[in-house]
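This report looks at selected parts of one protein model. Please view the sequence and the structure below before reading on.

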Amino acid sequence: MPNENKKNGKKKIPVFTYYLIILVVVFLISMVLVPMMNRPVIKEISYSEFIEMVETDKISKVEITNNVITIEPKDFDKEKPVYYETGMLVIYDEEVVPLLKAHGVDFGSPIQEEGSMLTSIISFVLTLGVSWLLFFLIMRVVSKKMNGGVMSFGKSTGKIYAEKSTGKTFEDVAGQEEAKTALVEIIDFLNNPKKYTEIGAKLPKGALLVGPPGTGKTLLAKAVAGEAKVPFFSLSGSEFVEMFVGVGASRVRDLFKQAVDNAPCIVFIDEIDAIGKSRDNVMGGNDEREQTLNQLLAEMDGFDSSKGVVILAATNRPEVLDKALLRPGRFDRRIIVDLPDLEGRKAILKVHARHVIMEGDIDLDAIALSTPGASGADLENIINEAALRAVRAKKTKVSQKELADAVEVVIAGEEKKSTVLSEKEKRVVAYHEIGHALVSALLTHTEPVQKITIIPRTSGALGYTMQVAKEEKHLMSKQEALDDITVLAGGRASEEIQFGEITTGASNDIMKATRLARAMVTTYGMSEEFGFMCLEQRTSMFLNDNTSGDYSDDTAAKIDGAVKKIIDQCYEKAKNLLTENKDKLDMLSDILYEKENITGKEFLDLLGIEPEKTETEAETKHEDENE
Ligand code: ADP
Ligand code: MG
Ligand code: ZN
């Protein structure tokens, strides 16, 4: 099986060389060995014997060349070909032609010395066999060399990663309680298959873990194997797809064969969308992928689930999967592994904080509060970033400050000390940020401000206003959406009011506001023009917010009009609010200009508002890019 694992960077002989060796051997066999084996027997006879054979009607055909007569006898047997040969007489025998005619011997046309069918078959099989053997041996050597570190029991199959025990348990997976509950049954099944088969129950053969990247799908699959104490066979979807057609299919066969031999066990196919893409996709027709998918479908139908083999697969693009993969008897169970909520984030931070030395008074809950929308992988990254910062600061323990800094770095990028704003620019940014914050404070359906800063970040933001919601939000009302757009417009409106001119700093706000307004019109049915009507659909459930729609140019123009109307109204509203509160705008902007950072509490104190909101979740932020 061709194997081109490049995971470890050992120096190796190019695979090309091996192909060359094989080619040479096959060539030699077919050019030298086969003709030798295939050669018919030729018996020398004397001229008089030849004449006698003609006279006794033993000859069916002769070929006369310059000085040799080749004779095909009547009792010619294809399995044991025997030809005769005799030399021509130096004196030409004029009687030979009439004699041949008289006995009905065919002459004049050449005899094609035919070998036996049997020998040609044997030689064919031999050629094939020898080259396969060679190929196999070489590939074994190659794959041994390349996959030295990967443990694989049973047959050597290159890229299948087999682990006798994954070492992960549900303790390592924080949060994701729904997913765990769904997987508990599978674990029980692997441990006591009899309990289920006795009653006649069939357990699902496969479960599909779906969710955004970094939410712990791979981790969960390993934990299932760990909890059930069964081996774990994993292969990434992309590893099935090779340059050579048929390789993927053979890998699928190997994977299932190994799995059945080692049952009970878990087979895990990561990123299954790489092979499981819907087959009716005309654009990217791909024979190899289709073959691999077909093989997978066949194997899933073929194996006996009562043996205790459970197939788990993971993807973040379930919508592109082939329907055949999802029908009952295959991946009919879908386990959603979504982004963690507040409790989930707290738990994940705790799990990863176990391995890091921290000061006693660490408040991980505060970190969880300020990281809505972060995945498990992001949170792991935050903890690690904090540890790295502690090392950089020559500390022996991680403190709360490093953690808070790590959050800001992960969310907004590093503070960029090299970007020095001019006095004028700094004032513009201060007014811009206070514009956001003040509009937000003046509106009723907005989230409280948590932090305002005008320190530039490596992400390109010159400052930002961080807002944090009172509680976890699942729905957004039309008024909330409009207020959000108004807050986004506040930055630019503030600049316009104070300086009478506008800057590029609002580009990010404009993008977000337009996006939201457009979504209101096309997907949320919140516009007067279209009302309760779907114009666009999301193209991906978990990966991004891209949408696509099918409508006429005329409708497209109307959509643009509706979007513009919403944005214009909001911008007007923001401008009015700020003009009415110009004194507060000036006061706050001056303070931000001096201090560069204002916390949410300070902001409310300055405005004379009682801070009633402490529970926080789902934060939005307005970055202001300088582009
Ligand atoms: P996915 O396969 O969903 O893209 P992974 O399972 O590879 O994500 O997760 C990446 C890393 O993030 C894991 O190795 C783990 O350290 C961390 N992680 C993600 N989700 C969790 C979780 N719920 N609990 C603990 N760690 C998590
Ligand atoms: Mg993964
Ligand atoms: Zn802004």
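## Helix H7

The buried residues of helix H7 are Lys217, Leu220, Ala221, Ala223, Val224, Ala225, Gly226 and Ala228; buried means under 20% relative accessible area, exposed over 50%, and partly exposed in between (1.4 Å probe, protein chains only). Helices (H or I, at least four residues) and strands (E, at least two) are DSSP runs, numbered from the N terminus. This is a predicted model, where local features need pLDDT of at least 70, side-chain atom pairs count only at pLDDT 80 or more, and totals for chains, interfaces and linings use all residues. Residues are numbered from 1 along each chain as its sequence is written, chains are lettered from A and ligands numbered from 1 in the order in which they are written, and side-chain values use heavy atoms, with hydrogens and water left out.

The buried residues of H7 pack against helix H5 (177-191) and strands E7 (206-210), E8 (232-236), E9 (265-270) and E10 (309-315). Contact here means heavy atoms within 4.5 Å. After H7 comes Lys229, with a positive phi near 55 degrees.

## The five-stranded sheet

Five strands form an open sheet with mixed pairing, in the order E1-E4-E3-E2-E5. Its edge strands, E1 (41-44) and E5 (106-107), each pair on one side only. Two strands pair if DSSP finds at least two bridges between them.

Strand E2 (residues 59-64) pairs with E5 in the parallel sense, over two bridges. Asp106 in E5 is the bridge partner of Lys61.

## Leu20

Leu20 lies in helix H1 (residues 15-38). Leu20 is partly exposed, at a relative accessible area of 45%.
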